[in-house]
Amino acid sequence: MNPTSLIARDELRLMRRNRVAVIACLLLVLLTLVAVASSWAHQKGIEDLRARQQHEAERAFDAQPDRHPHRVVHYGTFIFRPLSALAAFDPGVDAFTGNSMFLEGHRQNTANFGDVNQSSLLVRFGQLTPAFVLQAVAPLLLIFLGYGAIARETERGTLRVLMMQGATRGAIVRGKLRALGAVALLVALPAILGLAALAATSGAAILPTVAIVLGYGAWLLLWVTVIVLVSTLVGRSRDALLALVAIWAVSVVLLPRVATDIASAAVPLQNRLQTEVAIARDLREMGDSHNPDDPHFAAFKRSVLQRYGVTRVEDLPVNYKGLLAVEGEKVTSALFDRYSGESYAAQGAQNGIVSAVGVISPAIALRSLSMAAAGTDFAAHRGFLEQAEAYRYDLVQRLNRLQADGVTYADDTARDAGADRRKRVAAGNWEEMPDFAYRAPDGATLAARSLPGLAVILGWLVFAGASLAIATRRLGERQ
Amino acid sequence: MVETAPPILIENLAVTYGDHRVLDGLSLSAPEGSVTALLGGNGAGKSTTLSTLLGFVKAHAGAVSVCGVDPGVAPDAARRQIAYLPENVALYEHLTAVENAQYLLALSGGKQDRAAIVEAFAAAGLQERAWGQRLGAFSKGMRQKVAIAVALLREVPVLLLDEPTSGLDPRATADFNALVLSVRERGTAVLMVTHDLLSAADIADRICFLESGRIVEDVVAHGPDRFDVRALHARFAVATQRLAA
Amino acid sequence: MTLWRHEARLLLRQRLAMIALALLAVLTVAALGAGMAEVSRQHAAIAAIPAAQAEDIGAIAAWVDREKDAGSAAYYSFHPTWNAPSPLAFAALGMRDVSPYILRVRALGLEAQIYDGDTFNPELALPGRFDFAFVLVFLAPLFVIALCHDLVSGEREAGRWRTLAALPYGGAALWRRRSLLRLGLLSAAIGLPFALAAAMSGVSPGAILIVLLLVLAYLLFWVGLCALVGRLRWSSVANAATLAGLWLVLVLVLPTLGHVAINRAIPVNQGAEIALAQREAVNRAWDIPRAETMRRFYAGHPQWADSPPLETAFHYKWYFAFHQVGDESVAKQVRAYRHGLETRDEAARTLGWVLPSVGVQALLTRMARTDLTAQLAYRDAIRHFHRRLREFYYGYLFRDRPFGKADFERAPRFDAAP
């Protein structure tokens, strides 16, 4: 057996004999299993609830009686965002975004009822998911197991004994790396198996699953390298432990929060009240539908009359009120898109700042990688919101056109006792309306989104590896 | 009654750790102004004797008193009468010699007058340039001098020494022994635990050999030669062999 | 006293301890600064409401004034409500980053409006805010551990333990003194910047005192834990590893486990179900005889029952009546939903009695009025205001009074005071 394997075997034997270490490892495995199970059950519950509510909402929409199409525009529809296949591994922003949306005419509503608003204060302590276990807890366990790997030998003078027996510095360090790496693999295994099971049962794409495995693998390997590096550089094991815990606390706990505070201070978001007032202002400037003399709508009316070659709206072959609704929706939606585009851009800029901090804190990079690959990051949520808006616009315009074609102008403006009946179109029309179908981003897209995070972690891994190589050459020179 | 109590009085002391009886019927008394050396092999119970006097270990049977105070009952009162030097005097390396002395004196409840400390350092033979230095670079001998100086300042009736001369070079050993004798001159009862027969024979008034938790040999100095070192060595060698067997 | 001075000198000469204390103070100051900046942003957003609102309502008033139709005024006018941050909010931002603190409502069905959120970036909300509560609950224990894990074991490993213990004032009192000194300095590093920031923010002296006591108690818990672990007589390294492990479990793992357990044990019907049911009830009104809606409405609100009967033409009073009936039809679900949320919150608070990390967070957010209770109180204030809005517009609608420009001025204004 070569010296590296011998040293690795020796280190592993030492860990096996350390009862605390064994218990800690078992607890972590248990925690991972609990996280996988609870996360899976939680997501399953949400998914069932959403599926049921989505079904209920669609049924209710289709079951509407004869109605005036504009009523249906305001009856609107509820849509629910299905969870991504890997959300049980890393639910990302899911708890914060809310997943139901009420879609109606000329209003852009928010997604409501996020878990965060429906849970106790504990939700802000973080969520017990496999991703959390691997991101936060596993590195700390590796620290506990590995801080003394080299420092202990230096402290007790056994390092020299090893070197005198012919083990090279490189062999010693590689042996320790291998031992700690084996533990890292053991620690990650339950989560990875859980991920594989999730991916297999929920039909997740291969590429993002591979990206997650690679990302977390590199993350734990990075910690293994950093732990051995610090243990090499710092002569006393207690100092190595304190330094490593400090590095962990700063990168995993502190920097993610500081980064978000920097981002939210640097790029302010316009709140909803200001956005709504601004949209109302822009609408007034473009054309006031309440003002019969408004130039924009007067011009629209002229163009419609011209197109159909008539002089009065009453003579149009279609319902002018329907056409007006189509035009109005077009104008308001363009504004909604502009303002939400600005808000998304601002949020994107905020996330950009956080990613920039992620260059110093690989924990942030890992989190973005993980959420991106799991399809639970802001980009994925934005995709949902944009699809929802496109669907809303399409649905409302279909209903508006139904008003233009299915209800006569005379009936629509009549106020007699039977007018209400005549204004309605047949209930069969509602079933014709398409249901919302969320198109999840494909695997390649998700994997591509996770690449920047992966690049940062791999960059750190290379850097840490190079530092360790340099530190190894000077190992045992002091004292 | 307290006036007349000897500084150190141990009668039929028994101490057990679990099933293991470390001291078994040990009796020892040390008067004022004396040096008693306690010799013995590893595990003979030397350190346990000191620990009992300091109140770290409780007597299982028998009586222990330091100037009439039972350290098992009132350890703080007993410790007020005792200065103790462990085998390796470890002090705070990031403080200077004077600061270390001030700190230890504060924990003894004594005054921390700089002039008095410096005087005691001089009496203990610590070079003047070391007084304001941090302790990081001090040798064992220098550290002991700091500790002895503190003991001198405390003016306590009892001084306990644990292997004071192990690891000291002959010159430092001679210096240290002279220091111990000067402490004795002040009327202090000195009890030292040691492996070093020669050093003990140099300064002790009485040498007790401890084996399996009791005193098996008790020799008092007499005449100008004080001890017959050769004879002592032979007797202890026999006793050590008995212990090994 | 002089013993304390000596201990202080001993500690202050240790570079690691000094760096740790300074770092903790810097982090506290940074967190206080970040919290105060966030609170001032929220104040600014609230202060900007009147101008925006005046512009918005002014434009509506301009065209409503032509026909003086109270229904149009009620339908198109949004009325702002807000939940100003309390003086202490900077210390524990709690839910204020994810729950709306500004919400505009119309006199229409409230259940379709009250759960609306404000714009926030979910990726920023995910890790939580860097505020004073975070520094205290999450970071401060790590500093306690760094300073206190080797109190006794360090002396033992340095070979000084017996020397110290053999001195009359070197026994248990020495370790108590050292622990208390560290506790005092750590509390000062956190408490002094806090007290200053709190005084600047106008927090009452009583509240400042309570928070300071809380800081002291929480740190004392961790110092006590260090002392307990120290009694096991393990090495400094083993102490540090054990304490860091305990920190992980007490601050990160158990709260997350508690979260899972509470949400499992206390199911809350999704708020979306209320919204769905309310929409169904509201829209059904178009398909049933209008008189039926009015009967139900008048039964609950007899003060308007003497209003003239409906004619064939559309009348807004019917429109608003069926919105209110729609709200009332889901009142039971609303109560159940709210009760569920309160029960969950209650359970978390109960957990706070056992888990100091949770307890401190709960108490701080309660005192800062940034917790779920405060959020629910804000919803109550909105409901109360919404009632006044309805009453106000009904006075015009059900009495067929014209609604002119001057009447916009008479609309109720949200009273932020609780």
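Predicted model: local features only at pLDDT ≥ 70, side-chain atom pairs only at ≥ 80, totals over all residues.
In general, strands of a sheet pair through backbone hydrogen bonds, either parallel or antiparallel.

Now zoom in on one bridge. Which residue is the bridge partner of B:Leu85 in β6(B)? Select B:Leu161 and you have found that partner.

Six strands of chain B make up an open sheet, and you can walk across it in the order β5-β6-β7-β3-β8-β9. The pairing here is mixed. At the edges are β5 and β9 (214–220) of chain B, each of which pairs on one side only. As you step from one strand to the next, the twist averages 15°.

Stay with chain B and turn to where it meets chain C. This contact takes 22 residues from chain B and 20 residues from chain C. On the chain B side, select α2 (75–79), β5 (82–85) and α3 (97–108), which each supply at least two residues. The largest share, six residues, comes from α3(B). Colour the chain B side by residue type and you will find 14 nonpolar, five polar and three charged residues.

For the last stop, show chains A and C together. Here 77 residues of chain C are in contact with 81 residues of chain A. Select helix α11 (residues 236–265) of chain C: it brings the largest share of the chain C side, 17 residues. That side divides into 46 nonpolar, 17 polar and 14 charged residues.

How values were computed. Residues numbered from 1 in each chain as written. Chains lettered and ligands numbered in written order. Contact = placed C-beta atoms within 7 Å. Helix = DSSP H or I, 4+ residues; strand = E, 2+ residues; numbered from the N terminus. Nonpolar A, V, L, I, M, F, W, Y, C, P; charged D, E, K, R; others polar. Pairing = 2+ DSSP bridges. Axes fitted to C-alpha atoms, helices over the stretch in contact; angles between N-to-C directions.
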